[in-house]
Amino acid sequence: LMAETMLLVTHLLWDSNWAEQVLNLQDTPLEMVAVRWATYCMKSIREKAYQLRKEGDEEQTKSMKRLRQTYTLKEGTIEREQLDLQIEEDKKKQENMDHWLDLETDRFRSTTLSSALCRSILVLSTMQQRDPERLLKVNVLHLVACCIDIPTEDHHGGSASLLTNILAWRGASITPDRFPDPEHLVHSLLDRLELQAQKNKMDRTTNLFMQLTVRLANAPKWKPYFHLVSKNDDVCKFWINELLPKFCDAFPEDKEKDLQVGVMDRKTRRAMVHKSCNSLTGKLKQCVKCKKLESKAKDFQSCSRCHIAVYCGRECQKKHWKTHKKECSAR
């Protein structure tokens with residue numbers, strides 16, 4: 001109901017006759033209502049994620065306990081067969097459980113909490129006629145900082161639109177001290193541009209992020225944070241030193257190709273993992289020796305004795321055996 005109401009309010013704000021009446025209501029100001037609902041949605045999502053993670057950890061602990069019991073029972077006995085059957089059921093149950101990281105995937109887009117959060121941001125970004133100082137008083141910039149790196153486009157795109165509108169109203173007066181973590185905001189903007197460029201996706205959202213990033217990068221008070229980010233991340237450094245200087249506040253179409261070529265031809269690369277991590281984050285396993293991440297689910301083999309330690313191959317398992325031997329025996 002709240003999500004649908006916020007959508008209706010957005011449509012009313014687009015009409016100049018209705019907008020004046022909606023914005024001048026005598027009750028709680030609209031910007032306060034939108035921020036409160038957005039905060040409630042984010043808090044609920046965080047609590048749900050915590051609960052899912054807790055349930056997943058508890059289920060994994062139970063499964064490992066049953067797995068260790070198999071070494072105390074002889075094969076072929078009824079007890080061992082029942083335990084093996086229970087272990088298989090545990091595996092199926094874990095595969096079908098909702099993962100806490102799924103709250104930030106495409107599945108998250110369709111939930112009511114997601115819709116309510118997105119439409120609250122939309123209402124705030126549509127309030128063109130409102131005095132920006134009133135928006136800043138209800139901590140709208142803190143909301144932007146929380147939502148601008150959510151992977152779903154409705155959320156990070158809406159947050160970028162909101163910040164762009166505030167910048168248009170106030171100009172260079174949006175200083176870093178108004179954000180809880182300015183470095184995080186800069187990193188989120190550059191990260192989004194990098195992801196879009198890797199996909200060769202130069203759409204309206206990319207255009208918006210480019211304009212916003214260039215504008216902040218040219219502001220004197222923001223430059224120290226761009227410098228700090230460039231020191232800690234080579235890909236961000238490439239964007240700041242090589243690509244952003246080529247663009248002004250606008251993002252002309254004739255420069256899209258130059259941007260794509262620049263990203264694809266550069267020598268600087270992040271330590272990337274397989275693309276399946278976009279949908280399997282938190283589910284892929286890591287080799288305990290070399291720390292390599294498997295490219296697809298169940299690609300690596302676990303230790304045949306404890307079934308806990310995971311290795312990318314025989315060589316890593318041999319090298320790690322001296323360290324793992326005591327742990328394996330204890331388990």
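Me: What is the accessible surface of the protein chain, and how much belongs to carbon and sulfur atoms?
Reply: This is a predicted model. Its protein chain has an accessible surface of about 19900 Å². Carbon and sulfur atoms hold 50% of that surface.

Me: How many helices and strands are there, and what share of the residues is buried?
Reply: The protein chain has 16 helices and two strands. Of its 331 residues, 40% are buried.

Me: What share of the contacts joins residues 24 or more positions apart?
Reply: Take the contacts with a separation of 6 or more. Residues 24 or more positions apart account for 66% of them. Glu153 and Thr205 are a pair to look at: they are 52 residues apart along the chain, with their C-alpha atoms separated by 8.1 Å.

Me: Where does Glu153 lie, and why is it called partly exposed?
Reply: Glu153 belongs to helix H9, residues 153-170. Its relative accessibility is 31%. Buried needs under 20% and exposed needs over 50%. Glu153 falls in between, so it counts as partly exposed.

Me: Why is Ser159 called buried?
Reply: The cut-off is under 20% relative accessible area. Ser159 has 1%, so it is buried. Ser159 also sits in helix H9.

Me: What does Ser159 touch, and which backbone oxygen does its side chain reach?
Reply: Leaving out residues up to four places away in sequence, Ser159 touches Ile121, Val144, Cys147 and Ile148. Its side chain reaches the backbone oxygen of His155 at 2.8 Å.

Me: Why is helix H8 called largely enclosed?
Reply: Count its buried residues. Six of the eight residues of H8 are buried, so the rest of the structure largely encloses this helix. The six are Val140, Leu141, Leu143, Val144, Ala145 and Cys147.

Me: How do you know that the buried residues of H2 line one face?
Reply: Helix H2 covers residues 16-23, and its buried residues are Ala19, Val22 and Leu23. Seen down the axis of H2, they fall within an arc of 90°, so they line one face. Asn17, Glu20 and Gln21 are exposed on the other side of H2. The buried residues pack against helix H1 (2-14) and H3.

Me: What makes Asp15 a cap of H2?
Reply: A side-chain oxygen of Asp15 lies 2.9 Å from the backbone nitrogen of Asn17. Asp15 caps the N-terminal end of H2.

Me: Why are Trp37 and Tyr40 called an edge-to-face pair?
Reply: There are three aromatic pairs in the structure. In this one the ring centres are 5.7 Å apart, and the planes stand at 90°.

Me: Are Trp37 and Tyr40 buried, partly exposed or exposed?
Reply: Trp37 has 34% relative accessibility and counts as partly exposed. Tyr40 has 46% and also counts as partly exposed.

Me: Which residues do ring pairs link into a cluster?
Reply: Phe179, Trp222 and Tyr225 are linked this way.

Me: Which members of the largest nonpolar core touch the most other members?
Reply: This core has 64 residues, and Leu13, Leu124, Val140, Trp239 and Leu244 touch the most other members. Helix H11 (residues 204-217) gives the most to this core, with seven residues. Another core lies apart from it, with nine residues, including Phe300, Cys306, Val310 and Cys316. In soluble globular proteins, nonpolar side chains tend to be buried together.

Key:
Residues numbered from 1 in each chain as written. Predicted model: local features only at pLDDT ≥ 70, side-chain atom pairs only at ≥ 80, totals over all residues. Heavy atoms only, no water. Helix = DSSP H or I, 4+ residues; strand = E, 2+ residues; numbered from the N terminus. Buried < 20%, exposed > 50% of the residue type's maximum accessible area, 1.4 Å probe, protein only. Contact = heavy atoms within 4.5 Å. Areas by Shrake-Rupley, 256 points an atom, 1.4 Å probe, with all protein chains shown as cover. Phe/Tyr/Trp six-rings, centres within 6.5 Å; stacked < 30°, edge-to-face > 60°. Arc of directions from axis to C-beta. Polar contact = N/O pair within 3.5 Å; in protein donor to acceptor, adjacent residues only side chain to side chain. Core = buried A, V, L, I, M, F, W, Y, C linked by side-chain atoms within 4.5 Å.
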